[in-house]
Amino acid sequence: MKNIRISIFFAIILSTIISAAGLAQTRYFTKTGKITFNSRSPMENIEAINNKVVSIWDVASGQIEFSVLMKSFEFEKALMQEHFNENYVESDKYPKAIFKGTIENSNALDLTVDRSITVKVNGNLTMHGVTRPVSTTALITVKNKAIAASTSFSIALADYKISIPSLVADKINKKITITVNIPDYQLVVKK
Amino acid sequence: MTKIIGALLLLTFFSSVQINAQSLLQDVEDSIPANEKVSGAFKSTRVINAHSVEMLHKRNLDFRIMHRFGFISSGIKQLYGLDNASMRLSFDYGVTDNTTIGFGRSTFRKELDLFVKTRIFQQSTGQKAIPFSLVIAGGGLVWTEESFATVKPVFSDRTSYYVQLIAGRKFSPVFSFQLSPILVHSAMPANTGDDETIFAMGGGARLKVSKRIAITLDYHHPFGTFNDVTTDPLSLGVDIETGGHVFQLQFSNATGMNERAYITQTTGDFFKGDIRFGFNLSRMFKLGKK
């Protein structure tokens, strides 16, 4: 009986250590990531930028997530921005776009030496209430201990049920190029 | 016993893994919603005739062509009023995001109007939420049509002024409502015997039926002494938005499209078929860079 108690005691201690170790994984985050998207068409080029992208990356598991507030996209024309929120992405109904994915072989990356690494990212992008898989390659750059990341991919508006009225069909490209740029990932410090 | 311990171990281990697997974002995202301005209560800066709580964006020029036809009740001989067109052309410009100036000319009495419209505060959500937007508009008008009166009116006799407060709230993405009390002063009222200064209470509403189409209602009730023919201006319309254009189609009893005209010179009973068809066409131009 005594032995069992001791073993239970050890088991608890051990498991706490394991879970603590689990929490102490290296994570990087940013709240100032940039996402730009553009639509090129013979009639009009539309571009918008969002400087308040939130992202977190867990190096050991390779999990990477992005949260993008749709209303933070800034357009050159204020009216365009209003229409984007009101009529296209319906920001009141779907305020955020979320990406949840993994970086392949993330745990094998050496982030201590200055260099650029190309990695594969797979995951799901949820936008306008629709979740679709997205695969792309990203570039991770380590320079003076600062970690930056960037990628670019394109999505079809129809996949996310974002409809374009026929009247403006030749002003908006059905495929949108999205460029992600995280200038500086910060280490998550546990309190 | 070792099995139990092993199971316990596994359980705690997996539970810790699971916590991590839920959402990494929870740790870094702000839980407090940021202050956010509520925009797009109305599709256009005019509900139909009346100023709406919406402003033009900075350096946007809004060219508006407004048409009101004759009474539909005039029948086929007048092609249900289409033979009689009255119009107002206007240019509105956003000096800042909160101040708009505008100039218009109406065929009715060949009247010119100038206005300044300023937003005092804007509806917003978040920690410091403001429940509604408040806008003030003021304008001056002068009619330039030739007068056949025995005593010719001088310039000042032809002028009139108005000041209007607009308090509006976007209750939901679909429904918006505004109250717009207005004071109109005419140096020489169009109908002798009418009060020179008229107070009117106005209400405007918008109901979105689809992303680009909305139903609008615009109503004012003037208080004061009037002749028998003057009635309350009431308009019911449909807004159709297509990129830089807003088309507003409406049925109204008002022929005037400036503040003095629709408040003090509306005739015809809407519910007895004295309805005019009309449309506003708004085209937005962006001047200069942001």
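Reply: The dialogue below takes the model's confidence, the two chains and some single residues in turn.

Me: How are the residues and chains labelled, and which residues count for local features?

Reply: Residues are numbered from 1 along each chain as its sequence is written, while chains are lettered from A and ligands numbered from 1 in the order in which they are written. This is a predicted model, in which local features need pLDDT of at least 70 and side-chain atom pairs count only at pLDDT 80 or more, whereas totals for chains, interfaces and linings use all residues.

Me: What is the mean pLDDT of chain B?

Reply: The term pLDDT is the predictor's confidence in each residue, from 0 to 100. For chain B the mean is 89, and 91% of the residues reach 70 or more. Over residues 16-21 of chain B pLDDT stays under 50. For the complex, the predictor gives an ipTM of 0.74 and a pTM of 0.81.

Me: Why is chain B described as more spread out than a compact globule?

Reply: The radius of gyration is taken over C-alpha atoms, and the globule rule is 2.2 Å times the number of residues to the power 0.38. Chain B has three helices and 15 strands; helices (H or I, at least four residues) and strands (E, at least two) are DSSP runs, numbered from the N terminus. Its radius of gyration is 26 Å, well over the 19 Å that the rule gives for 290 residues, so chain B is more spread out than a compact globule. The C-alpha atoms of chain B fill a box of roughly 115 × 40 × 40 Å along the principal axes.

Me: Which side chains of strand E5 in chain A are buried?

Reply: A residue is buried if 20 or more other C-beta atoms lie within 10 Å of its own, exposed if 12 or fewer, and partly exposed in between, with C-beta atoms placed from the backbone. Along E5(A), residues 96-103, the side chains alternate.

Me: Which strands pair with E5(A)?

Reply: Two strands pair if DSSP finds at least two bridges between them. Strand E3 of chain A (residues 63-69) pairs with E5(A) in the antiparallel sense over seven bridges, and A:Leu69 has A:Lys96 as its bridge partner. Strand E6 of chain A (residues 115-127) also pairs with E5(A) in the antiparallel sense, over six bridges. There, A:Ile98 is bridged to A:Thr126.

Me: How many residues are in the largest nonpolar core?

Reply: A nonpolar core is a set of buried Ala, Val, Leu, Ile, Met, Phe, Trp, Tyr and Cys residues joined through C-beta atoms within 7 Å. The largest has 29 residues, and those with the most contacts inside it are A:Val53, A:Trp57, A:Val68, A:Ala149 and A:Tyr185. Its largest share, four residues, comes from E2(A). A second, separate core of 11 residues includes B:Met66, B:Ile198, B:Ala254 and B:Met257.

Me: Which residues of helix H2 in chain A are buried?

Reply: An α-helix has 3.6 residues a turn, so residues three or four places apart point the same way. In H2(A), the buried residues are A:Ala78, A:Met80, A:His83 and A:Phe84. The buried residues of this helix pack against E2 and strand E4 (74-75) of chain A together with strand E2 (60-71) of chain B. After H2(A) comes A:Glu90, with a positive phi near 50 degrees.

Me: Where is A:Lys145, and is this residue buried or exposed?

Reply: A:Lys145 sits in the loop between E7 and E8 of chain A. With 10 other C-beta atoms within 10 Å, A:Lys145 is exposed. Its phi is positive, about 70 degrees, although A:Lys145 is not a glycine.

Me: With which residues is B:Phe199 in contact?

Reply: Two residues are in contact if their C-beta atoms, placed from the backbone, lie within 7 Å. Leaving aside neighbours within four places in sequence, B:Phe199 is in contact with B:Leu183, B:Phe223 and B:Gly224. B:Phe199 lies in strand E11 of chain B, residues 197-208, and is partly exposed, with 14 other C-beta atoms within 10 Å.
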